[in-house]
Amino acid sequence: MDVFNKICNSVAGTVAGTVNQLSNALPGNPVTREYEATKLIGSAGPGLLWKIYSGHKKSTKQEVAVFVLEKKSLERYVRKSDREAVLASCRRGVSQLTKLRHPRLLVVQHALEESRDSLAFVSEPVRESLGNLLKTEDALFPVEVKYGLIQLAEALQFINKEGRLLHLNLCPENVVVSASGAWKLAGFDFSSAALPAAEQPTWSVDEPDWSLPAEGRPFSDVTAPELSLSLSAGPACDMFALGCLAYAVFNKGRPLLARDSDAQAASRNLHKLKQLNAAQLACVPEGLRDYVKLLLNTKPELRPDAHQFTQIEYFQDVSVKTLNYLDSLFQWDNLQKSQFYKGLPQILPQLPHRVCLLRVIPCLAKEFVNHTMVPFVLPNVLQIAEKSTKEEFTQFILPSLLPVLKIVEPVQVLLILMQRMELLLKLTPAEFVRSDVMPVMHRALDALDQQAAQELCLAALPGVAALIDYPAMKNALLPRILRVCITTPHTSVRVNCLVCLGKLLEHLDKWLVYDQVLPFLPKITSREPAVLMGILGVYKLAMTLPKLGISKEVLATQVIPFLFPLTVENSLTLKQFGMLMGLLKEMTARVESEQREKLEQISGLQKEQQLASPLAAPPGQLVNAAPPQSELDSFFSSLGINTASETTTPAPKPSIATSPSPAAAALTLEDKQRLASQQDIRVKPVSLVTSPVAPKQQSSLMDGFLETNLKQMSFTQPTKTPMQKITPTQPVWNATSPMSAPMNNWSSPPSMAQSNGAFRQPVMSPTSLTQPLLGGQKQSAKQLTAAELQDFLS
């Protein structure tokens, strides 16, 4: 944590120091009225006195570079005259540069302004000076050096011939690298203009004041020998300085000659130049070494001029020519441009990526205003984007690409964007995807006449689904996909719609799938095998994804009824038919398992309710036996259909069987004889009104059966009806008697049923059986045996 705090404090201190330094220098300077400086990015000029800040114009936010020279930085010079001489040369150099306009010269956008504390002017955006660049660890690529030297040679050719001007101080500190990587000539502090009267341009140079500091006088380590010794000036002097600069570039910024400090330094440098050999120029590439040595020749007439220098074999490189063509494209017509852009993709791999970002992209971006050329330029821009990081793409490519995303015509632009949509989605920040890339995809889906664009868009949509918010997915994107799937005449587009839909399911919620996706699939009338397999895939994914899962109700009522008729489609192959049947079986199995589980739960609840209900039948209640079933009844019963009548009728009262009682076989001979003698005696009916007698112990098995059945009977009190008088001594069986009512319903006289050893239906009350049986005599209440009762009833 301490280390982190130290780093934060260090960064904060550096930023604060830069802000304070800038605020102390610029307040009061008129430049601050229109421009705002932000960050220190480099330095330039003699002694690197000019500080370069990045900035922008307040009104238009246009990026610029602000050059500031703080007067307090000149306090290192003791004499005031030295400080004044340096300030005078700086004013003169900016003033001269402001008058010149050429692509190879630094463009001044706001002239020099001076305040009490500083000098300041504004130029096009730049990175730093070549002097700064040579001191850093970032190595220059050969193509950058080659093209940079060509640019400086072209700048010298312009100022020498068209400008009739000599620079006389061409050094790395006076070469500024622009934001696009171009080498721009600046630092005209000691430039010399040609004499106006002469037909041929001639220049005169004053004797230098060696007492002034090096920043205030023209002679330095790049000064030609003839200028130092004889004050003879001409374009060859600038070419000599170009040779010195080329050597320094390949020698990591270290100069070939010592900086002049007195008048004798020129003689020492001349002696070194005369002894110059190839070994001393070993750092220079072989193809350029001889020409650099020729530029450093002591005789001016032997040095190549600017045009000859640009034509040497070393610069005839396809990469250099490409950069040169890019800088001069504004001079060509559309046909020439289109031919160049068609061949550019083969050259771009030969260029360093930094060169492509800083040099090629700005040139290509200028063509985006010409919509006719966009289809030729855009593939090259996207090819460079392939090798870019997300940060590089956002900084160097995306700002110029955003206007292209809104182009409707020509239609080839939309097709190219769809072809590279995966790359755009990978590199573009999420906020730009929502605001700028998604409208392009919507436009592609709406272009019904662009089959290729629709298919490419559908293939790229799943990759951006995570960046789409729910309202946009529901209201904008998903309806477009469904509409295209229904309206397109192309089977491939319809299949791609279904594939895209299946891939989007994991980004949709359950209710959106139920409301829009599942009801949509049966509306597809196409029966091509590829379309059917696409529909099958959507159903399969919707059923298997954990967050979705089609319910058994939807499967049973919507999906299976739609899919099952497809099984008889003759266009399906055997494999496709197997896939369809497999899915149907899986759906059916799911419906069966879920419904079975539900019904088992319901059945369990019903059983629990029956057990807990107070109206449950008592354990001893008799249940009627089920009638025998026919084959049809058994069949319907297996289907769960009950063929019995819903209305239950009371079971008829069983009659008492006349088969002999098993107890009769156990009677003694005397009993049998007595019973036989009484066979013809008529038994009188027992009186219905008797006093309650306590039952005796069972004397036989029949007695026990009788008592058990009698206990289960429930008699109702008979109602009194007009009838004849019945006396206890003369009991009479009468149809109107209460006893005859139940007996009239029998089809045969009542008898004791001895099947299974028990009575099915009791016929008399227990008390009636205790009355006198013969001749109206009263006998004491006793328990009748089974044989006696049978004889009595018969």
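This is a predicted model: local features need pLDDT of at least 70, side-chain atom pairs count only at pLDDT 80 or more; totals for chains, interfaces and linings use all residues.
The overall composition may be set out before the details. The protein contains 29 helices and 12 strands. Of its 794 residues, 44% are buried. The accessible surface amounts to about 42,700 Å², and carbon and sulfur atoms account for 56% of that surface. Where contacts link residues at least 6 apart in sequence, 67% of them join residues at least 24 apart.

Helix α6, which spans residues 235-250, packs against helix α8, residues 286-295, at an angle of about 135°, and the two axes lie 8 Å apart. An angle over 145 degrees would be needed for the roughly antiparallel class, and 65 to 115 for the roughly perpendicular one; α6 and α8 are therefore oblique to each other. Their crossing is left-handed. On the α6 side, the residues in contact are Met239, Phe240, Gly243, Ala246 and Phe250, and they meet Leu288, Val292 and Leu295 of α8. Sorted by class, this contact comprises seven nonpolar residues, one polar residue and no charged residues.

Helix α6 also packs against helix α4, which covers residues 142-162; the axes of α4 and α6 come within 11 Å and cross at roughly 165°. Because angles over 145 degrees count as roughly antiparallel, α4 is roughly antiparallel to α6. The crossing of α4 and α6 is right-handed. From α4, the residues taking part are Val145, Leu149, Leu152, Ala153, Leu156, Ile159 and Asn160. Their partners in α6 are Pro235, Asp238, Met239, Leu242, Leu245, Ala246, Val249 and Phe250. By class, the contact between α4 and α6 has 13 nonpolar residues, one polar and one charged. Met239, Ala246 and Phe250 of α6 meet residues of α8, and these three α6 residues also meet residues of α4.

Attention now turns to the backbone. Most residues other than glycine have a negative phi, and most peptide bonds are trans. Arg164 has a positive phi of about 50° although it is not a glycine. This residue is located in the loop between α4 and β7, the latter being residues 165-166. Arg164 has a relative accessibility of 29% and therefore counts as partly exposed.

Lys61, likewise not a glycine, has a positive phi of about 60°. The loop that holds Lys61 runs between β2 (50-57) and β3 (63-70). Residues with over 50% relative accessible area count as exposed, so Lys61, at 57%, is exposed.

A further backbone feature concerns a peptide bond: the one from Glu409 to Pro410 is cis, with omega near 0°. Pro410 belongs to the loop between α14 (390-401) and α15 (412-419).

Ala530 and Val495 are 35 residues apart along the chain, while their C-alpha atoms are separated by 6.6 Å.

Methods:
Residues are numbered from 1 along each chain as its sequence is written. Side-chain values use heavy atoms; hydrogens and water are left out. Axes are lines fitted to C-alpha atoms, for helices over the stretch in contact, and angles run from 0 to 180 degrees between N-to-C directions. Helices (H or I, at least four residues) and strands (E, at least two) are DSSP runs, numbered from the N terminus. Angles under 35 degrees count as roughly parallel, over 145 as roughly antiparallel, 65 to 115 as roughly perpendicular and the rest as oblique. A crossing is left-handed if the near helix is turned anticlockwise from the far one by less than a right angle, and right-handed if clockwise. Contact means heavy atoms within 4.5 Å. Ala, Val, Leu, Ile, Met, Phe, Trp, Tyr, Cys and Pro count as nonpolar, Asp, Glu, Lys and Arg as charged, and the others, Gly among them, as polar. Buried means under 20% relative accessible area, exposed over 50%, partly exposed in between (1.4 Å probe, protein chains only). Accessible areas come from the Shrake-Rupley method with a 1.4 Å probe; for residues, only the protein chains shown count as cover.
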